[in-house]
Each structure stands twice: as C-alpha cells, then as structure tokens.
Amino acid sequence: MAPREDGMETRRRLLEAACEVFAEKGYRAATIADICRRAKANVAAVNYYFGDKETLYQEAWEHSFRQCAASEPPDPNQGDPEDLLQDYIHTLIENFAEKSSRGYFTRLYLMEMANPTGLVKEKWKKLIEPRRQKFLKLIQTIMKKEGVDEDVIFCEMSIMSQCRALLTVSPTDIVHLLGRPLSAEVIHRLANHITRFSLAGIRAIAQKG
C-alpha cells in the first residue's frame, strides 16, 4: 500500500506544480523541467503518470478547476433570479481576484484565452459549458425570454467581460485607477456595481424587446 500512496502523492505534487507553472507562464513557455523542480520529482514521473506535456496541461486544467472556489450558477427556480445573479457575480469577482492556489484556474483560463493551445476543447465542454448553460438560463429568466437568443448571449458576454477585468488589470494599475489597493471592501463594492450595471442593462434590453 505504501508505494501506491507515495505514487499518488507524487502525482498530486506534479499536478499542483503544473497548475502553478502553467498559470504563471502559459503552456508554451512552461517547461517540464521547471514543473518537476517545483514538485521535487523527476522527469520520468511526468512520463509515467501523464505521458506527455499536453496531457499534463489538460489534467492541470481539470485539477485547478476542481480546486477553485467557483460555485455553479444557481437554478433560477431556487429564489429571486436577480438576487441569485447578484450572488453569482460576487462569487465570480471573488474567484477572479483570488491570488492563492484556489485562483490558479482563472489564471490558466486567462492564459488560454490570450494564447489558445487548442488542447482543452474537450475539457471546456466537460467543465465550463454545463455551467455556462445554467448561467444563460438565469439571464433568460430575468429577461423573461422563451429561450436563449442573441440578446441573452450578449448579456452573458457583457457580464463576464466586466468580471474578467480583474484578470487583465495589474495590481499596480488598479492602485493607479482607484487610488488604493484591491481590498476585500473594494471587491465587494465592485461586485455590487457590476450587478447594478448589468441588471439595468438586462432590464433595458428586455423592455426594448
């Protein structure tokens, strides 16, 4: 039993190191040597547990997703849809602002958007698309639409773009823009602003019809 436990621990360390390195450097700039050095493992271990760099990257994506603090979009039947949207936007903002290992997925996601590898299409379908469909359903309910149409998708894109702003602005620029660091209070106020801004836009588009 001990060798198997040691092996699982090595695999875990490799995955966590891979998440860290890929999140910092992106897929192309990351090296197996750097990942193994941080994991205190040898290159042969990567070959044994994952086969190659591509598979390690794909597994790191799923591992970081499981470790992050993200919650699934709520079912609009579980409460007031506008309140549920506010709660979900707060969760997104907190996740995008997370700097610990729980935030690796958002940084991996940003790296993939900036420099697409084409390696995580299946992981996207498995991990992200089901949650995206729930989010679209929530927006659809708020807009009182019969189904998901272009207006609903545009609203989704607008909300997500606002939330992702924290991934694209450096801490130094945030201090310059706001005049202070990104504290928990500022994150809370930003989430409230995005919620109010988004709901006003959703209502206006829904009324225009």
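Predicted model: local features only at pLDDT ≥ 70, side-chain atom pairs only at ≥ 80, totals over all residues.
**Stop 1: the whole chain**

Show the whole chain as a cartoon. There are 10 helices and 0 strands in the chain. Followed along the sequence, the pattern is α-α-α-α-α-α-α-α-α-α. Taken along the principal axes, the C-alpha atoms fill a box of roughly 60 × 40 × 30 Å.

How much of the chain counts as buried? The figure is 42% of the 209 residues. Next, consider contacts between residues at least 6 apart in sequence: 69% of these join residues at least 24 apart.

**Stop 2: helices H4 and H6**

Select residues 53-67, which form helix H4, and residues 104-114, which form helix H6. Turn the view until both helices can be followed. The two pack at an angle of about 135°, and their axes are 8 Å apart. H4 and H6 are therefore oblique to each other, since an angle counts as roughly antiparallel only when it is over 145 degrees. The crossing of H4 past H6 is left-handed.

Which residues make the contact? Show side chains for Tyr57, Ala60, Trp61, Ser64 and Phe65 on the H4 side. On the H6 side, show Tyr104, Phe105, Leu108, Tyr109 and Glu112.

**Stop 3: Lys123 in helix H7**

Now select residues 121-143, which are helix H7, and pick out Lys123 within them. Is Lys123 buried or exposed? Its relative accessibility is 13%, so Lys123 counts as buried, the limit for that word being under 20%.

Show the residues around Lys123. Leaving out residues up to four places away in sequence, Lys123 touches Gln58, Glu59, Glu62 and Ile128. One of these, Glu62, has a side chain joined to that of Lys123 by a polar contact of 2.5 Å.

**Stop 4: Met143 in helix H7**

Stay in helix H7 and select Met143. With a relative accessibility of 4%, Met143 counts as buried. Neighbours within four places in sequence aside, Met143 is in contact with Asp151, Val152, Cys155, Ile202, Ile205 and Ala206.

Met143 and Arg203 are 60 residues apart in sequence, and their C-alpha atoms are 6.7 Å apart in space.

**Stop 5: helices H7 and H10**

H7 passes H10 in a right-handed crossing.

Where do the two helices meet? On H7, select Ile139, Ile142 and Met143. Their counterparts on H10 are Leu199, Ile202, Ile205 and Ala206. Met143 is the residue from the previous stop, where Ile202, Ile205 and Ala206 were among its contacts.

**Stop 6: salt bridges**

How many salt bridges does a search of the whole structure find? The search finds 19. Three of them can be visited in turn.

- Select Arg12 and Glu16, whose side chains meet in a salt bridge with an N to O distance of 2.8 Å. Both residues lie in helix H1 (residues 2-29), and they are 4 residues apart, about one turn of the helix. Glu16 has a relative accessible area of 36% and is partly exposed. Arg12, at 33% relative accessibility, also counts as partly exposed.
- Select Lys145 and Asp151, whose side chains form a salt bridge of 3.4 Å, N to O. Asp151 is partly exposed at 27% relative accessibility. Asp151 was also listed among the contacts of Met143.
- Select Arg180 and Glu185, where a salt bridge of 3.4 Å, N to O, links the side chains. Arg180 is partly exposed, with a relative accessible area of 30%. Glu185 is partly exposed too, with 44%.

To finish, select Arg11, Glu59, Glu62, Arg66, Lys123 and Lys126, which salt bridges with shared partners join into one network.

Methods:
Residues numbered from 1 in each chain as written. Heavy atoms only, no water. Buried < 20%, exposed > 50% of the residue type's maximum accessible area, 1.4 Å probe, protein only. Polar contact = N/O pair within 3.5 Å; in protein donor to acceptor, adjacent residues only side chain to side chain. Contact = heavy atoms within 4.5 Å. Salt bridge = Lys/Arg side-chain N within 4 Å of Asp/Glu carboxyl O. Left-handed = near helix turned anticlockwise from the far one by under 90°. Axes fitted to C-alpha atoms, helices over the stretch in contact; angles between N-to-C directions. Parallel < 35°, antiparallel > 145°, perpendicular 65-115°, else oblique.
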